[in-house]
Structure formats: structure tokens, C-alpha cells
Amino acid sequence: MTEFLNFIDGRFVPGRAEAFANHFPSTGEVLGEVRAADRDQVDEAVGAAQRALKGPWGRMALAERVALLRKVADGINARFDEFLAAEIRDTGKPRSIASHIDIPRGAANFNVFADQVMTLSNESFEMATPDGGGALNYAVRGPRGVIAVVCPWNLPLLLMTWKVAPALACGNTVVVKPSEETPATATLLGEVMNAAGIPPGVYNVVHGHGPGSAGEFLTRHPGVNGITFTGETSTGEAIMAASSRGVRPVSLELGGKNAGIIFDDADFDKTMEGIGRACFANTGQVCLGTERIYVQRGIFDRVAEGLAAKARAYRFGDPFDPATTMGPVISTEHRAKVLSYYDRAAKGGAQVLAGGGVPSIQGYEGGYWVEPTVWTGLAEDSPVIREEIFGPCTHLQPFDTEDEAIALANNSPYGLATTIWTESLGRAHRVARQVEVGISWVNCWFLRDLRTPFGGAKASGIGREGGVHSMEFYTELRNICIKL
Ligand code: NAD
């Protein structure tokens, strides 16, 4: 059985707080044990990160820092199969997903932000002064200091490195609190950091839960200079409150209830392929996933049949088997939450076009499985349509006009992403800019250029990360004014 250790000041140390089991979601088996860091150990991790800022890391030339980040990317790629197995055992996600998305993007994040930081430029302004001499203003950037990185379980390595890589590129040090459900890849990355020559204390990992545990100890720690968080909106509220103590900057990538809009001029086959992935990829556990779809009335039945067929085509089972296309959800608690919405949909009078229950899979009876599910017929104020379920399920509703589709999509407290399907160029531009979200995809979904702004509107978050936007968050900008 694996024991997941904390990584503090370049060393692996057992936690002194609560111990909890690490389950394999495909079978429910206990594969390991996590020993959470106690308050003193979180304090030690923050102390190590503070000291590292004053050590060789803080004095390192940018080119040298960037070379180390590239070695980290190489280190992940060199141990690709170990990272892959660790991520699959933590999440149960199929190899086909983890090998194409999670692990390659985990490595790519270090190279992308190594490139980004090398091209960062700063503004300068010359000004007139009454004595005629003038003055020159120019801005310089420095690291903010110690960054707390608090992560979810759905794309563990990918989302963690999405924050750690730019934070380190900008010269900060980090203390990471991975999700209690997925401790493995953050821990393994500690070995890669040491092997790459990243100085002790630059990258630290503390395990544990949120409230009353490592998550809260870390985000409330006065030695933390900035907090970056990905997870549920309600947790984001708690973290924002924690960040208000000492007025620390916070970046929040939160939940969504993303709408898809399909117009009757869409390319049918491409739409079905794209919207199918948007609903069911990663067992629906993608913040950008589509849990409500508005379809122009003339093609409604055809889309409904097509999507139901997609849902039925998934194959469950051994995640290491290339034939498996859908994994379980992350935990027994999360399955109970997803199934509670399946129940509400049924009781609310939904027409179930596919799924709606729990599949039975020989040899994997203890796993946290749910069927990919497609509903129609619920009222727009149903909790199934209003609340984030974070499962492989979606609801279809017909609409008649473009304005109606936009209004339906915007009728949500969330505003993370949308996916719009149309062959009309004018409509694509018009609708994409009117949906109140951080990311509008047209004729695609989850197509990511890592230089672009990423984040949510409304209750889906605060701030943007990606490209230069990450550089903004992870640096402190200082203006220098020189009287000439
Ligand atoms: P979660 O909010 O339950 O937990 C995320 C992390 O926060 C975990 O590490 C947890 O231990 C920690 N935490 C919980 N309470 C805390 C507290 N009070 N103080 C400090 N830390 C605390 O989220 P989850 O269930 O792990 O992930 C799923 C959620 O993440 C969904 O809502 C999904 O939409 C969202 N998400 C958003 C994005 C995005 O980019 N916007 C990406 C992925 C996932």
C-alpha cells in the first residue's frame, strides 16, 4: 500500500494529522493512505518557501530559472508512464484521456510558461515636468512571494501545474494543497523537482482536507502572499474570505453550468462529435463541460437521438484497457451527489433519453460508476438545469430564435464557458460575444491555446490565468519614476 508523504523543503515527510484512505475509483479498493500535514507542518512548508525566496532561487538569473523549468517538463516526460499510472489509479480515468490530456499538458505547462516569461515586456512613459527636465516612468516586475496553490481532483496534474509553472517562472515559491482525492501526481512531482535541481523549499506539497485541515491552514497563513484556487464556487467564497486577511491577491477558477447552443445550420456530424465530448469527457467532470444544451427546434429530435446514441456508446471497465472510454466518478460521495440529480430529474418529470442509472460492470462492482445520461422536458428553473452536477449528464431544451438562445444561456448564476454550433459567420461572432462567459467556443470545445485568457465570469471566478494573464497574477508590478 502506498503512503503519500508531504514534500517540505525538498524532503518527503509523513504527515502528523489525520490519516485517510486513497481509493481506486474503478473498484473502490483502498490503494494507499494519506497522512495529512498538521498546522505546524503547513507552517514549516510556508517557512521553507519563504527561505527559498531569499536563497539561490531568489538570486537566480531568469535564463537559469527557465532552464530548470524545462528540466522539470523533461522530467515529467521521462517518467510519463509513472505519472500516467499514478493519475489513473487516483481517478479511474481511461488511459486514452490521461495519456492525451492530463500528463502531456502537465509537462507542457512548464515549457509554455518558460517561453512566456522570456517574452514579458514592461511599460514605460515619459512625462513633462514644470522645470522642463521631464521624468521617465518604467515598470518592473518581481515575484509576489509565497503562493498557495489549492487544487481539485478532476484534472489533478494538469490544473496544478497550470498554476505552479507560471508561479515558478515568475520567481515565486509555492505550497501546493492537492485534492484529498488525488494526492499522487503532486507528490511524484516532488521527486522530479529534486532531480531537476529545483532548490529545496521552492515547491512544497501539504496533504489534507479543506476546513480545519491543511487547506484552511494554508490559505489563512499570514506568510502566504497570494492564493490561486481551482474548485467549487462555495469553496472559492471561503478562500476569498481567507485571502481578505492581510489583503492577499486571489485568483479563483470556479464552477460552471455551461450552456451549449446548436443552431439549425450547424454541421451535424461535427456538432455531435463536439457536443458529445463536451457532455461526457472525463465522465462529465470537466469544469468546462456542457450540462445544458439549447437546440433550434427544427433539428431538436435529430440532435436528441444523436446525443443519446453517443451516450449509449461509451464503454466502461479497466481504465488501463485502451478499449475503455469512460471511467467512474471520483468518489462514492460524488456519485451520491450525481445520482441525487438523476433522481430529481426523474421525479421532476424529465424524459430520460439515455442512461439515468448505474451500470453493472463485471469485476468492477465496487467502482463509482454512473451512466451517461441525456434528459429533456424539465422546466428551466429545475435544480438539474440551475446547479452544477459535475457528472456525465446533460439536458436538452428547444429554442426558436437567436435572442431566445442567448437569453436562455445567460439565465444562470455561472459564466464559465459556452460552446456554439453554427455555420453562419455573422451569427458565430454575434452570439459568442453576447453569452456572459469567460470562454466562448464556436464549432469546437476545449480547444486550448495556453496563451489565451482563461477564467470565468459571474460566479465562475475572478481573474484570468493563461499567457500574459498568469504573469500579471504571479508578479508584483512596481513603477519607478526617475526625474531627469
Ligand atoms: P472543492 O472546492 O471541493 O475542492 C478543491 C480544493 O479545495 C481541494 O483541495 C479541497 O481540499 C480544498 N478546500 C475545500 N475547502 C477548503 C477551504 N475551506 N479552505 C481551503 N481549501 C479548501 O472542488 P473539487 O470538488 O475538488 O473540484 C470540483 C469543482 O472544481 C467543480 O465545481 C468544478 O467546476 C471546479 N473546477 C473549476 C475549474 C475552472 O477552471 N474554473 C477547473 C476544474 C474544476
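**Reading the terms in a predicted model**

Student: What makes β19 and β20 a pair of strands?

Tutor: Two strands pair if at least two bridges are found between them. Strand β19, residues 417-421, and β20 are joined over four bridges in the parallel sense, so the two strands meet the requirement for a pair. One of the residues involved is Thr419, whose bridge partner in β20 is Trp441. Between the two strands the chain passes through helix α15, residues 425-434, and this β-α-β crossover is right-handed.

Student: Why is Glu253 called buried?

Tutor: The cut-off for buried is under 20% relative accessible area. Glu253 has 5% relative accessibility, and therefore it counts as buried. This residue lies in strand β12, residues 250-253, and UniProt, in an unreviewed entry, places the feature "active site" at Glu253.

Student: How do you know that the side chains of Glu253 and Trp162 make a polar contact?

Tutor: A polar contact requires a pair of N or O atoms within 3.5 Å, one able to donate a hydrogen and the other to accept it. The polar contact that joins the side chains of Glu253 and Trp162 is 3.4 Å, so its distance falls within that limit. Leaving out residues up to four places away in sequence, Glu253 also touches others, including Lys163, Phe229 and Glu465.

Student: Is Asn282 buried or exposed, and what makes it so?

Tutor: With 6% relative accessibility, Asn282 counts as buried, because the value is under the 20% cut-off. Asn282 sits in the loop between α10 (268-280) and β14 (290-296). A polar contact of 3.3 Å joins the side chains of Asn282 and Lys93. Apart from neighbours within four places in sequence, Asn282 is in contact with Lys93, Ile97, Asn154 and Leu155.

Student: How confident is the predictor, by average pLDDT, in the protein chain?

Tutor: The protein chain averages a pLDDT of 98, and 100% of the residues score at least 70.

Notes: Residues are numbered from 1 along each chain as its sequence is written. This is a predicted model: local features need pLDDT of at least 70, side-chain atom pairs count only at pLDDT 80 or more; totals for chains, interfaces and linings use all residues. Side-chain values use heavy atoms; hydrogens and water are left out. A crossover is right-handed if, with the strands pointing away from the viewer, the path from the first strand over the helix to the second runs clockwise. pLDDT is the predictor's confidence in each residue, from 0 to 100. UniProt positions are given in the numbering used here, feature names are shortened, and annotations may be inferred rather than shown by experiment. Buried means under 20% relative accessible area, exposed over 50%, partly exposed in between (1.4 Å probe, protein chains only). Contact means heavy atoms within 4.5 Å.
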